[in-house]
Amino acid sequence: MATQPGSDQPLEIGSILTQARTRQEIDLETVEARTKIRIKYLRALEDEEWDVLPAPAYARGFIRAYADVLGLDGDVLVDEYRRRHEEPPTTTYELPE
């Protein structure tokens, strides 16, 4: 699991996005214009309200796009999202007798 530098705490995706945006003095309207992601969903990402997003595939894409606009490594954040919020596939196969 990815952790914050110097800590055993898992990455807080929403906090990372919010802090990076605030540090760069970028408002949500600018992020919306650059990513084409509605503000409603950007706020959901920042607040980690995953149930507001349409589906996990959208969440992953939105996280990656938002991170890219802020100059962050979107893959790290998406990996953290997958680890914490998506269940691993549990495919079972029936073998012929």
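Predicted model: local features only at pLDDT ≥ 70, side-chain atom pairs only at ≥ 80, totals over all residues.
In soluble globular proteins, nonpolar side chains tend to be buried together.

The secondary structure of the protein chain consists of five helices and zero strands, and the order along the sequence is α-α-α-α-α. Of the 97 residues of the chain, 34% count as buried. Among contacts with a separation of 6 or more, 51% are accounted for by residues 24 or more positions apart.

Helix H4 has 15 residues and reaches 21 Å from its first C-alpha to its last, close to the 21 Å expected at 1.5 Å a residue. Its buried residues are Ala59, Arg60, Phe62, Ile63, Tyr66, Ala67 and Leu70. These residues cover an arc of only 165 degrees around the axis and therefore lie on the same side of H4. An α-helix has 3.6 residues a turn, so residues three or four places apart point the same way. The cover over the buried residues of H4 includes H1, H2, H3 and H5. H4 is followed by Gly71, which has a positive phi near 80 degrees.

Helix H3 is largely enclosed by the rest of the structure, because six of its eight residues are buried. The buried residues are Ile39, Tyr41, Leu42, Ala44, Leu45 and Glu46. H1, H2 and H4 are included in what covers them. Just after H3, Glu48 adopts a positive phi of about 55 degrees.

Thr35, in helix H2, has a relative accessibility of 15% and therefore counts as buried, the cut-off being 20%. Two polar contacts involve its side chain. A polar atom of the Thr35 side chain lies 2.7 Å from the backbone oxygen of Val31, and the side chain reaches the backbone nitrogen of Ile37 at 3.1 Å. Not counting residues up to four places away in sequence, Thr35 touches Leu42, Ala65, Tyr66 and Val69.

The structure holds seven salt bridges. In one of them, Arg21 pairs with Glu46, with the closest N and O atoms 2.7 Å apart. Arg21 lies in helix H1 and Glu46 in helix H3, so this pair ties together parts that are 25 residues apart in sequence. Both Arg21 and Glu46 are buried.

A salt bridge is also formed between Arg60 and Glu86, where the closest N and O atoms are 2.4 Å apart. This pair links distant parts of the chain, with Arg60 in helix H4 and Glu86 in the segment after H5, 26 residues apart. Arg60 counts as buried because its relative accessibility is 18%, under the cut-off of 20%. Glu86, with a relative accessible area of 21%, is partly exposed.

The salt bridge between Arg83 and Glu80 has its closest N and O atoms 3.7 Å apart. Arg83 and Glu80 both lie in helix H5, three residues apart, about one turn of the helix. Arg83 is partly exposed at 44% relative accessibility, whereas Glu80 is buried with a relative accessible area of 0%. Through salt bridges that share partners, Glu12, Glu48, Glu80, Arg83 and Arg84 are joined into one network. One member of this network, Glu48, is the residue with positive phi just after H3.

Notes. Residues numbered from 1 in each chain as written. Heavy atoms only, no water. Salt bridge = Lys/Arg side-chain N within 4 Å of Asp/Glu carboxyl O. Helix = DSSP H or I, 4+ residues; strand = E, 2+ residues; numbered from the N terminus. Buried < 20%, exposed > 50% of the residue type's maximum accessible area, 1.4 Å probe, protein only. Polar contact = N/O pair within 3.5 Å; in protein donor to acceptor, adjacent residues only side chain to side chain. Contact = heavy atoms within 4.5 Å. Expected span 1.5 Å × (residues − 1). Arc of directions from axis to C-beta.
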